[in-house]
Each structure stands twice: as C-alpha cells, then as structure tokens.
Amino acid sequence: MNHANGIEAEYEALLQFLYLAPVGLVQMTPDGGVTIMNPLAAQLLMPLSRDGGLDNLFRVLEPVAPELRNLAESFTADSGTICDSLRVQLTAGIPGRVDPRMLSVSLLRLDAARTMAVLTDITVAVKRERQLRQSEAWFNAVLNDVTDYALMALDTAGRIEIWNPGIARLTGYDAARVTGQSLALFHAPGAITPERIADRLHEADCNGWSLDEGWCVRADGSRFWASTMIAPLTGIDDEPNGQTEEARGYALIIRDISDRRDNAERLLRESECDHLTGIANRRKFFQVAELELQRWNRAPRPLALLVIDADHFKRINDTWGHAAGDAVLRNLARTLTSSLRDIDAVARIGGEEFAALLPSTDLADAMNLAQRLCDAVAAQRVDIGDSSIGYTVSIGVAVMHKGIAGLDLLLREADAGLYSAKRAGRNRIAHAAPTLENA
Ligand SMILES: Nc1nc2c(ncn2[C@@H]2O[C@H](COP(=O)(O)OP(=O)(O)OP(=O)(O)O)[C@@H](O)[C@H]2O)c(=O)[nH]1
C-alpha cells in the first residue's frame, strides 16, 4: 500500500468511526465554532437549534447550559479537560409519562485551536439513578442507627400528639411547646405551607409513606439537614356495618442526616447551583417543578409560574461589558430571592432568563407578586466601576390548569405572557390566556 492509499484508508476508518461512534462528537474552535460533527451529535443537538443551524455549539446550548461558554473561556491551559460529564436538561418531560431528556457534555481542549465536545444521551441512566437514590433514601431512613431520630405521632390534621424524648435531643423543643403544634414548627417560617403538609399526609395515605429531605430548624433557630418520613397509623374500628380500617393519624420520623451528606451529595447539590448567581440552575428547577406538578396532579391547588427576562440585556453587555452584565444577573438573582418565600422555587433557567414556581398562589396573587418584582428590579442600581446602572425585567405569568400536561406546556404559557410583555414595551408583566390547544 503506498503512502497516499494509506492516508486515504486511515481517513475512511476515521469517518467510519465518527459515523458509528455511540456518542455525539463535535470538534470546534475555542469559541464554539463547529468544524466537524458526527451524525449522532447533530441528531442530539438539532431539537435545540432555533434556526436549524448548528454552527456554534455554545450558541446552540446557551438556553440550556449558559455556563459552557464561560467554562471554556475561563480555561487557560492549552490542553486538558474543561468540564467532565456536565449534565444538561434538554426538556422538562411530562410527570409520570415522558422522562426529561438529559444530555451529558464533556469538553476537552485538544490544543490552542481545537476543542472537542463529547455528548451522550443519559436520559435512561438518569432515570435509573433517580429510582436508585429514592430507594436508598428509603432504606437509610428506615434501617440505619436510630439514635439520632425524633419520633412522634400526628393526628389526622398533622398536629403533634405524642413524642419520644429524641425530640428534645434533636430539635431542642420541650414537650410542652410541641404538643398540639403543626409539624411546620420544625421548618423555617414560610418554608412549608399548610397545603404542602396536607399533600404529604395525602401522599402517605396513598403510598404508605411520604419521604422528604431538606432543612429543618431547631428551637434555637439553627438548621440541620433532615430526612422526614410520614407513615399512616391505621387502626381497626368497630363500625355498625362491620370492621373497617381507618387512618388514626400518622407517625413522623425526623432524622438528622447532616453527617450523611457526603461528598457525592455535596457535589450533586453543587451541580444543581448556577455558577454565576448561586441560585438553583435549570436542572434543579426542572426537578423541583416536576415534583410540584406531580403534587398538583394528585391534589390540584393554585400553582403559578413566572418567567422573568432581563430587558435589552444584549445592550447592557454591549455598552458596559460582559462583566457588568454578569453583575446585573447576580443583582437580579438576589432581588428575586429576597422578594420570594422559601417555598418558592427560583432558578436561572437560561442566559438572562429566570423562573419562579409559586405553590399555593392563584392568578391574582401571582400578578400582584410579578408586578412587585418588576417594580423592585426597576428600583435597583448596580455599581459598575464609578457608574451605577439600572435595568428592568419583563415577566410572563402562567397558572397551572387542567389543560396543561406538563412543565413544558406551563413554561410555554408563561413564555407567551413574556412575549406579550416584551412586545408591549418591556418593564411590565403579562399573562397570556391559555391557548385553545391547552385550555
Ligand atoms: N453577561 C452575560 N451575558 C449573557 C449571559 N448569558 C447570556 N447572555 C447574553 O444575553 C443576551 C440576550 O440577548 P437577547 O436574547 O437578544 O435579548 P435582549 O437583548 O435581552 O432583548 P429582549 O429580551 O428582547 O429585551 C445575549 O447577548 C447573550 O450573549 C451571561 O451569563 N452573562
């Protein structure tokens, strides 16, 4: 075989490899300009492309992974791993019916001119992982050492009736303060609503148990990471027409699992945080919202979604520089979190786009809140060197209703409101009436 034939054969083999590789492979310039892409990469990315073009990977992935461009820009070495298996959520899915579409993205700098992206569809793997984590959490809650738990009996309305001494050890409350109180006592003010408690009791009735993990608060105000499990207590009652089993109340077990939050869990939490603003990222938002929508499907209650988008943000970047744009986004995140309750899920879901999911909030309340947020943002000044700049947002409002099968559709309605607010001149809020298709 002569030299030219050798090169041709090698080239053929390379093309075949690219064609058949079970992962998406993209070779690009450091700023994301695509030079080569295999068919699987095109297939994975095409649904994200707004205009059918796939010429820049960072631009295509910006709505779902705005951090990629920053990660690549801040990577200064000539070669090495820029990010490894970063999870990107492509779609929200439909609770109980369609799983969210997940992509894993790794970026490798090959040399100063070339960066390689490896894209893997991990939808099925993530679903299995979630199922495993749920059963692991369940076993942890039930089987592990029982020295650090508080056990109490709740009445049918979720008020505390009977307790074990562990309550005082774990929470610092004494019996007199606990009896007759709602279990909201162990949560920060505003972190749990009566409706959420009712949902958990209902969930326990339906599934045999309701397990949750999150922050609990001691009598002295200090926080601890806890798993809380509620299980129905049933009894046999004599009824005129025979014996029936009926709920007599619930058992509640609170366990301090702060020390169990090992590295893996911390890493997971970090992977749920937006790198720029420190609030939840799109992935975390979709997870929380999926749970919220499952709750809604079991027991519909008012549930509102706000999509908040910075106005003329490109102009801010162009006029004041990207770092100033970043400062505005951080200010916006702070303004939103300080104006919302703990129970509201607020996240950065795209470049300059944020979302807030508001349980127990009807349309009128959501509109009021959106207007307050809009006004609070317009009153902000962000210091940039010697200057200080103002900015505004537009907000689309949507509320959950029967015609909405999943988060994608709820987001679509909020986006329609956002679009109206932008078209009407920005720095305003709008609610788009449900489309006929969703009504
Ligand atoms: N500074 C900064 N800019 C970002 C970030 N993510 C996205 N952007 C920029 O946000 C801008 C969004 O611009 P557009 O989508 O055109 O929207 P806009 O200029 O806000 O206009 P309207 O939404 O119509 O009011 C783009 O220029 C993005 O590059 C980020 O993390 N930091």
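What is the order of the strands in the open sheet of five strands with antiparallel pairing? The order is E2-E1-E5-E4-E3. The model is predicted. A second open sheet has six strands and mixed pairing. The briefing also covers a hairpin, a helix pair and the shell around the ligand.

**Five-stranded sheet**
- Strand E2 (34-37) and strand E3 (80-89) are the edge strands, and each pairs on one side only.
- On average, neighbouring strands here are turned by 20 degrees against each other, direction ignored.
- Strand E4 (residues 102-111) and strand E5 (residues 114-121) run antiparallel and are joined by eight bridges.
- Leu 103 has Asp 121 in E5 as its bridge partner.

**Hairpin E6-E7**
- Strand E6 (residues 149-154) pairs with strand E7 (residues 160-163) in the antiparallel sense, over three bridges.
- Ala 153 has Ile 162 in E7 as its bridge partner.
- Five residues lie between E6 and E7 in this hairpin.
- Gly 158, in the turn, has a positive phi of about 85 degrees.

**Six-stranded sheet**
- The strand order is E11-E13-E14-E12-E17-E18.
- The edges are strand E11 (280-281) and strand E18 (429-431), each pairing on one side only.
- E11 pairs with strand E13 (residues 345-348) in the parallel sense, over two bridges.
- Ala 280 stands opposite Ala 347 in E13.
- Strands of a sheet pair through backbone hydrogen bonds, either parallel or antiparallel.

**Helix pair H12-H13**
- Helix H12 (residues 322-339) packs with helix H13 (residues 363-378) at an angle of about 140 degrees.
- Their axes are 10 Å apart.
- Only angles over 145 degrees count as roughly antiparallel, and 65 to 115 as roughly perpendicular; H12 and H13 are therefore oblique to each other.
- The crossing of H12 and H13 is right-handed.
- H12 makes the contact with Leu 332, Thr 335, Leu 336 and Ser 339.
- H13 contributes Arg 372, Leu 373, Ala 376 and Val 377.
- The residues of the contact of H12 with H13 divide into five nonpolar, two polar and one charged.

**Ligand shell**
- The ligand is surrounded by 18 residues.
- The closest are Asp 311, Phe 313, Lys 314, Gly 325 and Gly 351.
- Strand E12 (303-310), helix H11 (313-320) and H12 each give two or more residues to the shell.
- The residues of the shell divide into five nonpolar, five polar and eight charged.

How values were computed. Residues numbered from 1 in each chain as written. Predicted model: local features only at pLDDT ≥ 70, side-chain atom pairs only at ≥ 80, totals over all residues. Pairing = 2+ DSSP bridges. Helix = DSSP H or I, 4+ residues; strand = E, 2+ residues; numbered from the N terminus. Axes fitted to C-alpha atoms, helices over the stretch in contact; angles between N-to-C directions. Parallel < 35°, antiparallel > 145°, perpendicular 65-115°, else oblique. Left-handed = near helix turned anticlockwise from the far one by under 90°. Contact = placed C-beta atoms within 7 Å. Nonpolar A, V, L, I, M, F, W, Y, C, P; charged D, E, K, R; others polar. Near = placed C-beta within 6 Å.
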